[in-house]
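Me: Could you walk me through this one? I'd like to start with a strand and then move to the contacts.

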Amino acid sequence: MNNKLQSIVIDWIPSQSKVVDFGCGDGALLKMLAESKSVTGYGVENDPNKINACIINRVPVIQQDIDAGIQNYRDMGFDVAIMASSIQCLRRPRDAMTNILKVANECVITLPNFGNWELRVGLLKGKMPSSAQLPAKWYETKNLHLCTIADFEELCREESFNIKKRVYLNSRGKSSWLANAFPNLFAAEAVYLIG
Amino acid sequence: MKVVSKKITFKDSLVLQSGQSLPGFELMTETYGELNQEKTNAVLVCHAFSGSHHAAGIKEKEKPGWWDELIGDGKTIDTKNYFVVSINNIGGCHGSSGPTSISPESGQPFGATFPEISVSDWVETQKLLADHLGIKCWEMVAGGSLGGMQALQWAISYPKKINKAAIIAASSKISTQNIALNEVAREMIKKDENFHNGDYLAKGVSPSKGLKAARMLGHITYLSESNMSKRFGRKLQDPQTKMDADVNYEVENYLQYKGEQFAKTFDANSYILMTKAMDGFDPAKDFDHDLVECLKSTQTKLLIASFDSDWLFPKEYGLDMQMSAIKAGIDSSYIELDGDYGHDSFLFYSNQYSAALKNFLNSNE
């Protein structure tokens with residue numbers, strides 16, 4: 001996660017809140033949240049190497065396959081649930097969105113924008129595009145359900161997921177007037193507070 | 001690795017959870033590595049049902065310790081850095097006070113009169129041992145199965161005296177099926193003609209047939225179906241090495257052998273006491289059966305590990321504990337490990353298992 005994105009997420013999450021990070025990776029975000037905002041955080045991850053990194057980072061982690069369901073996280077008193085750059089890796093992202101909003105009052109979602117112009121150019125050249133946000137080759141990627149900002153926001157409208165805040169970042173991880181004016185074309189990444 | 005075996009006598013009487021008391025007791029201990037000057041590098045390992053104080057190293061004529069794959073110089077629990085303490089729990093039969101010890105009142109072995117023991121009682125004796133050794137706080141208490149239950153009880157009973165608890169292949173209470181299996185095992189022992197209501201020592205006999213059968217049943221529950229299939233399949237036993245003329249398959253012979261070996265070294269009353277302690281373990285009972293409330297006051301960091309092939313302590317039980325820990329808001333992690341050996345997987349080294357335990361132990365503020 002780039003610094004700007006990280007600082008946005010940290011800014012949105014209230015101090016001393018109870019947070020769950022689905023697809024927490026090495027736990028770096030939760031570690032920063034614990035240090036800077038005294039957050040009680042738990043990561044959910046299914047990759048043994050990443051779980052080990054969490055243990056080394058002293059971040060409480062639960063080994064679980066998010067696709068198999070996250071119903072057991074309901075009624076755990078979470079204030080915020082985070083799903084950073086992992087929604088597109090799930091088998092059923094729409095169900096996951098519905099479920100995550102039952103786990104916490106608010107959720108923070110970040111996603112790579114497949115509509116970004118650089119990716120469109122890549123595709124125009126007739127090859128699966130790659131970028132800093134989507135570096136993996138087509139045969140190695142964990143992404144199953146890539147979408148554009150327009151797609152995601154359409155889903156939010158259809159499913160009545162209330163977007164409280166949103167930030168668009170360009171491919172250098174910065175806010176820019178271009179990315180804000182035409183996010184679907186110029187944003188490389190979007191971050192949402194939904195609740 | 002420095003290994004010291006020592007029997008330690010505690011002269012004060014010990015009031016047990018049952019209300020009964022022991023007029024003093026003995027603990028058989030084994031330690032590995034050295035305690036640092038500040039006495040901050042101590043790790044307590046708690047044995048499972050039939051284990052003993054012999055957790056690591058190889059003694060003459062004896063098998064390697066039960067956790068030898070994980071404890072030693074340069075191993076998961078590195079004895080170059082940590083002072084590892086292992087004891088035989090009271091009620092057992094490997095040197096600590098138990099049914100085969102002599103009762104000071106009667107001058108005879110306790111036998112069936114040895115009082116009922118609980119997991120909390122074991123934790124109390126371990127706490128007295130820590131006091132005796134001058135250890136104010138364990139860096140970690142760890143154990144598998146019944147040993148994991150002791151680690152959990154430590155976190156609940158003495159949260160300030162233990163930094164980390166590794167609760168492996170365990171649960172906050174055993175399943176109904178597990179109680180049922182324990183009862184069948186006890187029935188086998190009690191119905192042995194030599195049991196004499198537990199007074200077999202006074203009569204100079206042993207209910208070894210019952211004990212053997214109980215162990216054979218138990219042994220099946222410690223392994224996984226796939227492990228047994230892989231290891232034995234339907235291979236026939238070589239007639240030259242048959243334990244019993246009626247044996248057909250290798251697996252039968254294996255169980256016969258294991259059961260017989262066990263019956264030679266284990267005490268029947270200890271078997272009953274230990275399984276009863278396991279059945280009765282339920283720390284949430286004192287908190288209106290709410291494990292969340294039970295865990296709320298602990299500051300101990302937990303690592304809960306389950307094995308996917310374990311059907312005696314299914315992984316759902318580990319995850320349940322974790323969810324209670326989350327609801328309680330305490331620092332706790334849960335991992336699900338691949339293990340080929342069913343419940344017994346906790347005894348064996350694997351990369352993922354070792355890395356998790358090692359990183360957990362070594363992770364400090």
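Reply: Strands are DSSP E runs of at least two residues and helices are H or I runs of at least four, numbered from the N terminus. This is a predicted model, in which local features need pLDDT of at least 70 and side-chain atom pairs count only at pLDDT 80 or more, while totals for chains, interfaces and linings use all residues. Residues are numbered from 1 along each chain as its sequence is written, and chains are lettered from A in the order in which they are written.

Me: Which way do β11(B) and β12(B) run, parallel or antiparallel?

Reply: They run parallel and are joined by six bridges, where pairing takes at least two DSSP bridges, and Phe307(B) has Leu337(B) as its bridge partner.

Me: OK, switching topic: how many residues of chain A are in contact with chain B?

Reply: 16 residues of chain A are in contact with 17 of chain B, contact being C-beta atoms, placed from the backbone, within 7 Å.

Me: And which element gives the largest share of chain A's side?

Reply: That is α3(A), with five residues, and β2 (40-45), α3 (48-56) and β3 (61-63) of chain A each supply at least two.

Key
Contact = placed C-beta atoms within 7 Å.
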